[in-house]
Amino acid sequence: MSTVTARSISEVEGEVWRLCHDLAAKLQFHGWHHVSFVRDKAVHFARRNGADVALVEVAALVHDVNYMVRKNSLPVDGRDLRLSILARAGVCPEVASRVDLVVEEAEMRTRHRDISLEAQALSDADTLFKALPVTPVVLAPKYLEENGITLRELAHKIVGEQQVKADDGYYFYDPEAAATYSRWATANLELWQCIVESLNDPTVDRLLAAVS
């Protein structure tokens with residue numbers, strides 16, 4: 001029996017959608033377009049790896065509510081909002097705590113090789129969004145605007161948080177995801193490493209200052 005009912009999932013989806021709609025100007029990167037992509041892919045990966053699909057789906061829906069609370073924040077900053085959304089949807093406290101733990105486990109900055117199956121499914125979906133070839137072209141500027149950080153800060157964040165996972169062989173947990181998307185991830189990380197290197201050139205700094 002599923003830990004989360006279809007009705008609860010629907011109610012969580014509705015509330016998160018409304019929040020994303022109301023805060024659309026604030027959530028240029030982490031808006032409903034991101035949430036729905038991660039939810040769909042997380043469910044797909046959960047069905048493959050044997051995770052609790054319903055729990056993964058609801059975790060995906062609330063995984064980034066911290067950006068509704070404070071820009072440039074961490075999952076823990078959204079815990080109170082996350083738990084209140086789940087409570088209003090009728091998710092019992094024990095399951096809500098599990099959802100919160102999965103969100104924390106899947107966080108790129110701190111995730112490791114041995115996270116739960118549910119966190120693996122959520123992580124792979126969120127990581128895929130980061131690795132999409134269109135993300136640095138179309139969505140990275142929206143991330144900068146949403147979070148009020150510089151290109152240098154974002155480049156160092158991406159390389160610092162993601163490269164070690166790629167080097168150690170768990171950038172993606174799902175073998176099929178790794179086989180399908182690792183080329184995108186490698187190209188993405190190489191691009192951001194090149195950006196880090198280019199920003200050490202004072203001429204590039206002056207160029208960016210001139211066009212900003």
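Start by selecting Glu161, which counts as buried because its relative accessibility is 15% (buried means under 20% relative accessible area with a 1.4 Å probe, protein chains only). You'll find Glu161 in helix H9, helices here being DSSP runs of H or I with at least four residues, numbered from the N terminus. Leaving aside residues up to four places away in sequence, Glu161 touches Met108 and Arg109, with contact meaning heavy atoms within 4.5 Å.

A quick word on ground rules: this is a predicted model, where local features need pLDDT of at least 70 and side-chain atom pairs count only at pLDDT 80 or more, while totals for chains, interfaces and linings use all residues. Residues are numbered from 1 along each chain as its sequence is written, and side-chain values use heavy atoms, with hydrogens and water left out.

Next, the largest pocket: select Thr150, Leu151, Arg152, Leu199, Asp205, Leu208, Ala209, Val211 and Ser212, which line it. A pocket is an open set of points on a 1 Å grid over the protein atoms alone, with protein on both sides within 12 Å along at least five of seven lines; lining residues have an atom within 4 Å of a point. Its volume is about 200 Å³, meaning the space filled by probe spheres set on the points, which are joined across faces, edges and corners. Now colour H9 and helix H11 (202-211): each supplies at least two lining residues of this pocket, and H11 gives the largest share, four residues.

Notes: Buried means under 20% relative accessible area, exposed over 50%, partly exposed in between (1.4 Å probe, protein chains only). On a 1 Å grid over the protein atoms alone, a cavity is a set of points where a 1.4 Å probe fits but cannot get out, and a pocket is an open set with protein on both sides within 12 Å along at least five of seven lines; lining residues have an atom within 4 Å of a point.
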